[in-house]
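I opened the model to work through its helices, its strands and a few loop residues. The sequence and structure are placed below for reference.

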Amino acid sequence: MSDITQVQADAVLAAAHNAARETDTAMNIAVVDAGGNLKAFTRMDGAWLGSIDISVKKARTARLFDMPTGAIGGLSQPGGPLYNIEVSNGGLITFPGGIPLRAEDGTVIGAIGVSGSTVENDHTVASAGAAVQLQGAARL
């Protein structure tokens, strides 16, 4: 199984942290490995305590299903094919802010999850982290 390295996780975290500063938001940013385990995390000064768990769950959700959490959210609405999925796997987050991280060959090597502002800002910051060009890994 391919896995995100610590250097890669730190680069993703740094890019997301910089994007959060640019949007003037205090975020919790989590990076998980290919197994969905926490690899890197930061809680910016003033970031909501309740968003710590949300950021980790967004990253884990994105990794468990290998798709952005916002896409899962669209599928989990009443009448949708994944309705109520958020209550599975010990609790998932199905709104924007979680994005899988893929190696150059397309293999998922981890995921990023961000929480602390609007879902639009969370997605923007997560996207900045996922967009980092890493040696041995590419963006989503």
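The entries below follow the helices, then the hairpins, then the loop residues.

**Ground rules.** I was working with a predicted model, in which local features need pLDDT of at least 70 and side-chain atom pairs count only at pLDDT 80 or more, while totals for chains, interfaces and linings use all residues. Residues are numbered from 1 along each chain as its sequence is written, and side-chain values use heavy atoms, with hydrogens and water left out.

**Helix α1.** I took helices and strands as DSSP runs numbered from the N terminus (helices H or I, at least four residues; strands E, at least two). Helix α1 covers residues 6-22, and its 17 residues reach 24 Å from the first C-alpha to the last, close to the 24 Å expected at 1.5 Å a residue, where the expected span is 1.5 Å times one less than the number of residues. I then looked up burial, with buried meaning under 20% relative accessible area, exposed over 50% and partly exposed in between (1.4 Å probe, protein chains only). The buried residues of α1 are Q8, A9, V12, L13, A15, A16, A19 and A20. They lie on the same side of α1, because they cover an arc of only 160 degrees around the axis, the arc being that of the directions from the helix axis to the C-beta atoms. V7 and E22 are exposed on the other side of α1. After α1 comes D24, with a positive phi near 55 degrees.

**α1 against α4.** Two packed helices are described by the angle between their axes and the distance between the axes. I found that the axes of α1 and helix α4 (residues 119-130) come within 7 Å and cross at roughly 145 degrees; axes are lines fitted to C-alpha atoms, for helices over the stretch in contact, and angles run from 0 to 180 degrees between N-to-C directions. V12, A15, A16, A19 and A20 of α1 make the contact with V125, A128 and G129 of α4, where contact means heavy atoms within 4.5 Å.

**Helix α2 and K58.** Helix α2 runs over residues 50-65, and its 16 residues reach 23 Å from the first C-alpha to the last, close to the 22 Å expected at 1.5 Å a residue. Its buried residues are S51, S55, K58, A59, T61, A62 and R63, and the buried residues of α2 pack against β1, β2, α3, β3, β4 (108-115) and α4. I looked at K58 separately: this lysine is buried, with a relative accessible area of 0%. Leaving out residues up to four places away in sequence, K58 touches T69, I93, F95, P96, G97, G98, G113, V114, S115 and D122. Just after α2, D66 has a positive phi of about 50 degrees.

Strands β1 (residues 28-33) and β2 (residues 38-43) run antiparallel and are joined by five bridges; two strands pair if DSSP finds at least two bridges between them. N28 has R43 as its bridge partner in β2. The hairpin of β1 and β2 has four residues between the strands, and G36 in the turn takes a positive phi of about 85 degrees. I next followed β3 and β4, which pair in the antiparallel sense over five bridges, with A111 in β4 as the bridge partner of P100. Four residues also lie between the strands of the β3 and β4 hairpin, where G106 has a positive phi near 95 degrees. Five of the six residues of β3 are buried, so β3 is largely enclosed by the rest of the structure.

**The α3 to β3 loop.** Which residue in the loop between α3 (69-75) and β3 (98-103) did I look up to begin with? I began with N84, whose phi is near 75 degrees, a positive value in a residue other than glycine. N84 is partly exposed, at a relative accessible area of 37%. N89 lies in the loop between α3 and β3 as well, and its phi is near 55 degrees, again positive in a residue other than glycine. N89 counts as partly exposed at 39% relative accessibility. Not counting residues up to four places away in sequence, N89 touches R60, L64 and F65. Finally, I noted that the C-alpha atoms of N89 and A16 are separated by 26 Å, with the two residues 73 apart along the chain.
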